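Please keep the viewer open as you read.

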Amino acid sequence: MAGVSECFAIGSIVACKTCYNKVIEGEVQAFDPQTKMLVLKCPASNNRPSCSNVYIVNLSLVSDVQVKKEVTTPPEPTKPLNLQRISNRVRTNIEQKRCLIAAIRAGVTQEGMMLFNTISKTINEVTWQGPNIVVMNQVTITPPYTPDNIKGDIHSKAFIHIRKVVEKHLRDTQLNTLRQQQTSSQQQQEAGDSSCSSSASATINNNTNSSNNNSNSNNNNTRMTATVAAAGSTTPSTALANSQ
């Protein structure tokens, strides 16, 4: 391993080449010289500016390390953690899990679970109230979770937005179901064609064998006829000789 420093300044840009020949380049967030563990913050793979990919690299397992940009100024003090916000988030997650368990016990269908997951991808304020889906405490979706089952102020932005989400979800679900059916039908048809080809091949082989058997039988009959004819032609001569 080349280019390993005794210390990496926070904020420096470092590129590491792993044992799999993968290059990881990012901003140094932390470094432990005893364990040689380096923490790098890299651009997010989902291209969101508010997100980042964080890698913990073991420098003992890299083949090359290069400092692209070194920071000499002391780093800014880290911001203190908002413990109250973390506690609220923990309580919210626990409450959501409890609501999910209650919804499952209430007999929520698979369609309801799929719709809930679709909404929660873009909206955080979504929870269960028994078998019902509650969004932003303004819109309620009851079973069987169709656009006609959306309850709330029909003129509000939340209601209009949720209705569009539900309609798109149903269209996508129907399209995926149709594609799966087409794929299954195509596979069954291909399997049937393969079976028919095998049957046709077996029939041709049987017909060929039957023709060969008939040909052999005809040849045997011809030989027997010739033998009988030969035997018949010699019999009169023998009788004539005996009479003389």
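Predicted model: local features only at pLDDT ≥ 70, side-chain atom pairs only at ≥ 80, totals over all residues.

## Around Ser12

A polar side-chain atom of Ser12 lies 3.1 Å from the backbone oxygen of Ala9. A polar contact here is a pair of N or O atoms within 3.5 Å, where within protein one must be able to donate a hydrogen and the other to accept it, and residues adjacent in sequence count only if both atoms are side-chain atoms. Ser12 sits in the segment before β1 (13-18), and its relative accessibility is 1%, so Ser12 counts as buried (under 20% relative accessible area; exposed is over 50%, partly exposed in between, with a 1.4 Å probe and protein chains only). Not counting residues up to four places away in sequence, Ser12 touches Gly26, Glu27, Val28, Lys69, Glu70 and Val71 (contact means heavy atoms within 4.5 Å).

Residues are numbered from 1 along each chain as its sequence is written, and side-chain values use heavy atoms, leaving out hydrogens and water.

The protein chain has a mean pLDDT (the predictor's confidence in each residue, from 0 to 100) of 80, with 76% of its residues at 70 or more. Confidence is lowest in helix α3 (residues 157-243), with a mean of 67, and highest in strand β8 (residues 139-141), at 95.

## The strands beside β1

β1 has antiparallel pairings with β2 (residues 23-32), over 5 bridges, and with β5 (residues 62-69), over 6 bridges. Strands are DSSP runs of E, at least two residues long, and helices are runs of H or I, at least four, numbered from the N terminus; two strands pair if DSSP finds at least two bridges between them. Lys17 has Val23 in β2 as its bridge partner, while Cys16 stands opposite Val65 in β5.

The largest nonpolar core has 20 residues, of which Ile119, Trp128, Ile133, Val135 and Ile141 touch the most other members. Such a core is a set of buried Ala, Val, Leu, Ile, Met, Phe, Trp, Tyr and Cys residues joined through side-chain atoms within 4.5 Å. Its largest share, 5 residues, comes from α3. A second, separate core of 13 residues includes Val14, Cys16, Ile24 and Cys42.
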